[in-house]
Amino acid sequence: MYRKDDTSYFIVDAHVALWDARPENQRNIHGKQFIDCFYDYHRNLSPESEVWTYEEYLYQGGQRLMKDLFDDGYVDHAIFQPAQLGEFYYKGFGQTDEAFELASQHPDKLTYNHNFDPRNGEVGLYQLREDAKKYGLRGVKLYTAEWHGESRGWRLDDPWAYRYFEACRELGIRNIHVHKGPTIRPLDRDAFDVADVDHVASDFTDLNFIVEHCGLPRLEDFCWIATQEPNVYAGLAVAIPFIHTRPKYFAQIMGELLYWIGEDRIFFSSDYALWTPRWLIEAFVDFNIPADLGEYPPITTDQKKKILGLNAAKLYDIPVPAELQLPAADETPVGPRGADNLVGA
Amino acid sequence: MDRYSAAYHALGAVVDPELDEPITDLGFVRSLTVTPSGNVKVHLRLPTSFCSPNFAYLMASDAKDVLAKLDWTRRVVVELDDHHDSAIINAGLASDAGYRGTFGHEADESLDELRETFRRKAHTAAMERCLTGLLRSDPGRTEASVGEVTLGDLPDDDARTALLRRRHALGLSTAPDDLVLVDHTGRNYQPDAVPMALRRARSTRISIDGNAHFCRGLLRTRYGTEATAFVALSAVTIPN
């Protein structure tokens, strides 16, 4: 819970990780390149006071995570969204056992989501069923740029992916978190293209598709898809730290998201340990659209409350004190109900 | 212009398609070496190891092409540093293997469609910059009215020059009485569709601007103050 000026904000951090990128876990140069890329994100977008050493960044462990999220970070509930990256790290990047154990010790504070890779075929489908049982899965995190032997990416509308989504439906895995990364076969196409989200969201209307980084670097394509598919959501991982270095750009991202998809489908995420939640939450509550961006209305306190926690709490049935709950807003004027009239616009 | 400056100037024609800016402005040209006999070697660098390999290849192969086209160059070597696909891309460039030869089973046909997608986005963003500029300078103007604005109505500034260049790249006319708000085929919008077209264009512009900021920032974080290939403006005489 975060309190400011007599207002309370219930906080759900919808995207956190417990990773191990230490050299002894790096399978090859790409393991180092990957964490170095993350560390550059961290150094580039964090306020100076929040920058960690490289050593700290390689591995945090459960105790540090609990402190950063819950003791220092105002978070009421956080959701693990682990990336496998088995081709880069011997025991994977996200630490499944450690994270699940932590979530089991603190079920009121932590939810463990797992991942799958449709290129694992029947064996992977069997594994998904086992994992759903073992971890009590409500959601999965999918990274479409995962390498897999000769393949360096997959699409959500691949036929095998559909078999996995059918299994999700059957197993009660409702929340599909999608992280678009580069390198998708064929390389002819835009690697960050989000068109496949459109296809699966139309075909699996009973599943929720949370697009991490709100589709960045293709915000415009994401917004357009999300207007037409009521089961598509925006995760603010990686977008929200721009609040510090590029507040005007962040204002534009928020202005666009609120205009196109509305206040009920946006989720706060620190993307821990890329960044820590404390400063992001403080900055977001204090934030508003700068006066020179007259094309966007101000962000209201209720909108902030929803984004910081109420929206994700609803998707994951996380109990929220009655006095902090808010009713859903109307659809945006460009929202799904009007989408059919906008074809070709 | 000396040969080094000429080579550097030629590289200025290579654009990051996603960011719509020259690789020389973006700081992607790490080093440039020109020998007296006309051999040229270029090292390129990108903001992260995991920048999209198709864009990385496009820029590197374009760099090689523009240098090979200069009438005095002999052997041209372009190498991409510190990228997860450096080995693949550099081997492909060294042997002039082309896109499909470089990426093998990961390549289907060509990168032409990808280029075209981003040429269109660049035009959309340039158009929005001009029109939002008008809206901001005149608060009385309505969004719906921008559908009537012609190229001749725009102030003669950098934003307009950039728009004309993007229209030219798409093969669109650049006459003063042409409407500004058009799609990639030059077709204008019905009055009731104008605000939506402007809003969609705005989200495209924000996306491109945001990516450009982020990429520049990451490059600076990654390489710090390491020098890049550079030519003082005074050394470059741009031919008329």
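1. Chain B has a secondary structure of 8 helices and 5 strands, where helices (H or I, at least four residues) and strands (E, at least two) are DSSP runs numbered from the N terminus. Followed along the sequence, the elements of chain B come in the order α-β-β-α-β-β-α-β-α-α-α-α-α. The model is a predicted one, in which local features need pLDDT of at least 70 and side-chain atom pairs count only at pLDDT 80 or more, while totals for chains, interfaces and linings use all residues. Residues are numbered from 1 along each chain as its sequence is written, and chains are lettered from A and ligands numbered from 1 in the order in which they are written.

2. The C-alpha atoms of chain B fill a box of roughly 60 × 45 × 35 Å along the principal axes. Of the 240 residues in chain B, 38% are buried; a residue is called buried if 20 or more other C-beta atoms, placed from the backbone, lie within 10 Å of its own, exposed if 12 or fewer do, and partly exposed in between. If one takes the contacts in chain B between residues at least 6 apart in sequence, 68% of them join residues at least 24 apart, a contact being a pair of residues whose C-beta atoms, placed from the backbone, lie within 7 Å.

3. Chain A comes to 13 helices and 10 strands, and its C-alpha trace spans about 50 × 50 × 40 Å along the principal axes. Its radius of gyration is 19 Å, which agrees with the value near 20 Å that a compact globule of 345 residues would have; the radius is taken over C-alpha atoms, and the globule rule is 2.2 Å times the number of residues to the power 0.38. Buried residues make up 50% of the 345 residues in chain A, and 77% of the contacts between residues at least 6 apart in sequence join residues at least 24 apart.

4. Helix α4 of chain A, residues 96–105, has as its buried residues A:A99, A:F100, A:L102 and A:A103. These cover an arc of only 160° around the axis, which puts them on the same side of α4(A), the arc being that of the directions from the helix axis to the C-beta atoms. The face turned away from this buried side carries the exposed residues A:D97, A:S104 and A:Q105. Among the elements of chain A that cover the buried residues of α4(A) are α3 (61–71), β4 (77–80), β5 (110–112) and α5 (121–135).

5. A:I79 lies in strand β4 of chain A and counts as buried because it has 26 C-beta neighbours inside 10 Å. Apart from neighbours within four places in sequence, A:I79 is in contact with A:A14, A:H15, A:V16, A:T111, A:N113 and A:Y316.

6. Between the chains, 33 residues of chain A are in contact with 34 residues of chain B. On the side of chain A that touches chain B, the elements giving two or more residues are α1 (29–45), α8 (219–228) and α10 (247–260) of chain A, and the largest share, 8 residues, comes from α1(A).

7. α8(A) packs against helix α8 of chain B, residues 194–223, at an angle of about 140° and with the axes 7 Å apart. In this contact A:L219, A:E220, A:C223 and A:W224 of α8(A) meet B:R200, B:S203, B:T204, B:I206 and B:S207 of α8(B).

How values were computed. Two residues are in contact if their C-beta atoms, placed from the backbone, lie within 7 Å. Axes are lines fitted to C-alpha atoms, for helices over the stretch in contact, and angles run from 0 to 180 degrees between N-to-C directions.
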